Amino acid sequence: MNWFELITLHSPPLIVAVPLLTAFLTPLVSKINDTIRNLFVLIMLGITGLLILILGYDVLTNGIRVYVFGGGAPLPSGMNIPVRIMFEIDGMTIFMVIITIILAIICILYSWSFMKKEDGQDKFYTLILLLVTSTFGMELTGDLFNFFVFLEISCITSCALIAFYVHKKESLDAAFKYIVISSIGALFILFAIGLLYAQYNALNMATIANAIQFTFFDKIVLVLLIAGLAMKSGLAPMHMWLLDAYSRSPASVTFILIGATLAGLYGGLRVIFTIYGNQLLNTGFTFYPGLIIGIIVTALGVLSIFIGVFMALKRSDFKKMIAYAAVAEIGYMFLAIGSYLIGLALSAPDNPQMLIAGTYALKGGLFHILNDALDIGLLFLVAGAVYYATKQTSLNSLGGLARNMKYTTIFFLIGLLAVSGMPPMNGFASKLLIYQSTYQISPILSIIAIICSIMLLAVFVKVFQSIFLGPEIPSLKDVKEVPKSMLAAMALVAGIIIFIGLFPNIIIDNLVTPAAEALQNTTGYISTILGGV
Amino acid sequence: MSQMSKIVRTQSNIIFPFITIFGLYVIAHGHLTPGGGFQGGAVVASGCIMLLVAYSSKWVLEKININRLSVFECFGALGFIGTAFFGLIFGGWFFNNFLVRNGILFNVVPEFGSTLSDFNTAGVLPLMNFAVGIKVIAGLFVIVLVMGLASSAKEWKQ
Amino acid sequence: MTMMYNIPFIAVVTMIFIGLYAVLFKRNLVKIVIGISIIESGVNLFLITLGYREGGVVPIFTSAPSEVVKNAPGSMVLPVPQALTLTSIVIGVAVLALMLSLIMHIYDHYGTLDVRKIRGSEE
Amino acid sequence: MSLRTTVAVIMFSVLVVFFISTALMLSFGDPMKTEMDDYIIMHTQNETGTNSGVTTIVFDYRGFDTLGEATILFSAVSGVIMIFRKVKK
């Protein structure tokens with residue numbers, strides 16, 4: 001076995017272990033020098049990125065991969081329940097992991113200058129790495145309790161990072177709100193895992209998915225899991241923590257928090273599509289379970305879009321407006337996923353047209369995960385740059401920044417067009433998919449989506465006009481452009497946005513379609529571990 | 001907070017070694033009896049915290065450096081993940097129990113059924129127990145020490 | 001099974017209720033934290049309770065009675081829930097430490113632990 | 001009654017129904033399925049050489065969970081130290 005095959009074989013645990021090792025080493029390395037520490041972190045994340053590329057290539061060509069911790073076959077001899085923890089990697093996992101590593105590397109690059117003047121940088125980098133590790137863990141794992149453990153790591157590290165500005169009382173408040181909500185959500189999830197364990201005596205997702213019967217307990221478990229993960233991913237009724245957390249943490253933390261939030265969304269997808277995947281079209285009920293789940297998810301998505309857009313109109317704080325836009329974007333993803341579920345349920349007797357429309361909606365929703373991370377992320381990075389240069393985030397005290405901050409202005413313009421789904425940018429590609437497919441399922445949904453998208457454009461044009469254009473404010477006369485590493489990070493994000501916007505088919509064919517197929521293929525996921533069932 | 005009375009200090013001096021020994025016993029026999037790295041570490045850490053309460057956190061800070069303690073914790077974590085990596089290098093899989101049956105240390109495999117406490121069993125488990133024990137002792141102690149320092153700093157301000 | 005045997009589960013549910021009540025209706029931050037701790041203990045108790053087998057002993061073979069070994073595994077309680085509870089307890093400690101240190105800082109800045117006053121001074 | 005209280009009461013009552021029905025339908029002392037745990041009890045000595053079934057799970061079969069657990073403690077320590085750091089004003 002040559003070294004390349006060996007690395008391919010062991011890449012799943014290494015993707016988690018390398019950033020974790022880096023996190024444990026960072027406090028020791030930062031005793032030497034700040035620059036060496038930053039370089040060390042960046043290089044180790046680069047290595048992780050390489051491992052992800054290797055694993056991704058392998059999974060996308062050879063199909064689902066399983067890694068058993070401690071070695072041996074997935075199933076012990078004579079058993080049909082796995083005992084050891086397993087990683088199970090399919091196209092959806094690869095898609096999410098790639099998003100996370102892009103966010104992580106850009107975040108470290110951006111923090112290099114952005115955090116230069118702050119104290120406690122060693123702990124900051126340690127916690128960022130731990131957050132990245134936990135996000136990877138949540139995405140790679142095929143074991144429910146392991147998922148819960150990584151979810152808790154993610155909660156604790158995010159909470160500590162949100163409270164990074166300890167001298168500001170608002171950020172402490174936001175961190176406390178976040179940890180209360182997320183730990184209650186995590187406890188719901190733990191209770192649900194306990195119920196699943198009691199029924200099926202297994203913690204492996206594939207085993208549970210194979211055995212699940214949609215009994216009374218399973219319904220309770222579904223509600224608890226969806227509620228817990230919706231708390232984590234900031235869906236509409238539970239979005240309050242997200243606004244505070246996004247708008248009051250440092251910009252680079254917000255950027256990586258988007259990845260952690262999306263990992264919560266990924267957990268929700270795994271629950272609906274993998275664990276309950278075989279029960280979506282269960283015929284033992286008056287309605288298909290998939291239809292009911294789909295309607296609820298769609299309704300919550302539409303509610304998120306409404307709340308996000310209309311509250312953003314009323315705000316005057318720059319970062320808070322972007323946070324509301326983030327809620328709206330999460331609503332778009334849930335709208336698309338709910339549309340797929342509805343389409344699946346409607347197609348069941350003899351209406352394959354609906355399933356095709358639903359599949360397009362699913363692809364659009366998944367593609368929108370990537371685009372949302374980049375668009376909202378870029379806007380937050382710009383907000384961070386504005387804050388870095390002026391120490392202000394209120395619209396009323398900012399103005400005329402375009403004269404001194406040319407590049408930042410251009411990046412904001414790109415982010416603005418991308419978020420509101422204007423043609424040359426990536427947001428257009430995914431939103432167009434969502435509009436087209438939801439129109440076939442219900443025209444009203446598609447009209448709501450389009451109108452809200454246009455209103456989002458109006459919101460950000462107002463922001464653009466008031467911050468970057470307009471008369472110069474005297475106190476901001478000698479504002480300087482931000483340092484090079486921040487500009488490089490923003491340029492990188494903007495470059496990716498424009499690239500995806502110009503060639504969306506490359507991403508859709510190579511990443512999004514395998515992800516959507518992986519989600520739809522519940523039987524394949526189960527049979528990889530349990531053999532031909 | 002200030003120091004407590006002489007009686008409390010003397011008593012905690014006397015009890016402290018016993019608590020520590022018991023905690024270390026729980027850590028070392030984790031693979032044979034109920035307990036393990038976390039439980040034993042928590043016992044030892046609570047002994048340390050008893051000293052912290054009896055003498056003030058300021059007194060403890062003169063003896064121990066917080067930075068050094070948190071480095072200690074890093075080493076515990078590195079030991080744990082290092083054992084896992086050794087499993088990858090020597091055993092072929094991450095988290096492989098590579099010492100059992102073919103190592104020099106801890107390689108005995110007991111017969112099925114009731115056995116006496118043979119310390120020389122269980123492969124890498126005792127090593128992991130020790131690593132986690134160190135980590136938990138340092139971690140819990142650092143948390144309480146930092147919080148105690150912060151609250152006493154506030155008292156000085158007033 | 002009769003209702004009598006379900007008393008541990010009823011205790012679990014009671015603990016979760018008390019905790020949820022504190023989190024949802026109490027105004028003091030420390031009381032909210034206590035509520036979360038109680039929910040956590042309830043969930044831990046739930047996990048442990050799931051693993052009990054009638055008349056079972058601890059799943060450890062060191063100096064186990066021969067009667068137990070002969071009837072294994074039926075004579076021992078389930079080990080997996082115990083391991084899960086151990087993990088969950090450590091997680092609880094970590095969350096508690098972080099929440100309490102945040103509360104200390106919040107008290108420093110606001111001078112109060114009342115949720116209403118903290119929210120009132122915000123806008 | 002304010003909106004917040006109404007929402008809280010509704011959430012509370014829904015959860016009450018959930019958890020009570022769960023508690024009444026499970027039976028204590030009689031697990032529904034025990035396959036995985038039986039395997040672990042029977043093979044703990046043979047496969048890992050450990051007498052204690054719980055330690056086997058914590059450090060061997062589910063060792064990766066324990067790594068996560070250690071990481072949680074580590075991140076809590078880092079977080080607490082970071083929160084209590086001295087800040088230049």
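Buried residues account for 57% of the 123 residues in chain C. Keep in mind that this is a predicted model, so every value here is computed from predicted coordinates.

Chain C is built from five helices and zero strands, giving the run α-α-α-α-α from the N terminus on. Its radius of gyration is 20 Å, well over the 14 Å that the globule rule gives for 123 residues, so chain C is more spread out than a compact globule. The C-alpha trace of chain C spans about 70 × 35 × 15 Å along its principal axes. For chain C contacts with a separation of 6 or more, 54% involve residues 24 or more positions apart. Chain C exposes about 5,100 Å², and 64% of that comes from carbon and sulfur atoms.

Chain B also has a secondary structure of five helices and zero strands, and reading along its sequence you get the pattern α-α-α-α-α. A compact globule of 158 residues would have a radius of gyration near 15 Å, but chain B has 19 Å. Here are the other values for the two chains, side by side.

| Property | Chain C | Chain B |
|---|---|---|
| C-alpha span along principal axes | chain C: about 70 × 35 × 15 Å | chain B: about 60 × 30 × 20 Å |
| Buried residues | chain C: 57% of 123 residues | chain B: 53% of 158 residues |
| Accessible surface | chain C: about 5,100 Å² | chain B: about 7,500 Å² |
| Share of that surface from carbon and sulfur atoms | chain C: 64% | chain B: 68% |

**Two loop residues**

Now zoom in on chain B, where B:His31 is found in the loop between α1 (6-28) and α2 (37-54). Is B:His31 buried or exposed? B:His31 has a relative accessible area of 0%, so it counts as buried, the cut-off being under 20%. Not counting residues up to four places away in sequence, B:His31 touches residues of chain B, including B:Asp118, B:Phe119, B:Thr121 and B:Pro126. From chain D, B:His31 touches D:Thr50, D:Asn51, D:Ser52 and D:Thr55.

Over in chain A, A:Gly421 lies in the loop between α14 (406-419) and α15 (426-441). With a relative accessible area of 12%, A:Gly421 is buried as well. Which residues is A:Gly421 in contact with, leaving aside its neighbours within four places in sequence? They are A:Gly427, A:Phe428, A:Lys431 and A:Ser453. A:Ser453 is 32 residues from A:Gly421 in sequence, yet the two are 6.9 Å apart in space, C-alpha to C-alpha.

**The empty space**

Rolling a probe the size of a water molecule over the atoms shows where empty space is left. How many cavities of 30 Å³ or more does a search of the whole structure find? It finds six. The largest cavity holds about 110 Å³ of space. Its lining has 15 residues, and the closest to its centre are A:Ala198, C:Leu50, D:Asp30, D:Pro31 and D:Met32. Both α6 (169-200) of chain A and α2 (29-50) of chain C supply at least two residues each to the lining of the largest cavity. By residue class, that lining divides into ten nonpolar, three polar and two charged.

Methods: Residues numbered from 1 in each chain as written. Chains lettered and ligands numbered in written order. Predicted model: local features only at pLDDT ≥ 70, side-chain atom pairs only at ≥ 80, totals over all residues. Heavy atoms only, no water. 1 Å grid on protein atoms, 1.4 Å probe; cavity = no way out; pocket = protein on both sides within 12 Å on 5 of 7 lines; lining within 4 Å. Points joined across faces, edges and corners; volume = space filled by probe spheres on them. Helix = DSSP H or I, 4+ residues; strand = E, 2+ residues; numbered from the N terminus. Nonpolar A, V, L, I, M, F, W, Y, C, P; charged D, E, K, R; others polar. Rg over C-alpha atoms; globule rule 2.2 N^0.38 Å. Buried < 20%, exposed > 50% of the residue type's maximum accessible area, 1.4 Å probe, protein only. Contact = heavy atoms within 4.5 Å. Areas by Shrake-Rupley, 256 points an atom, 1.4 Å probe, with all protein chains shown as cover.
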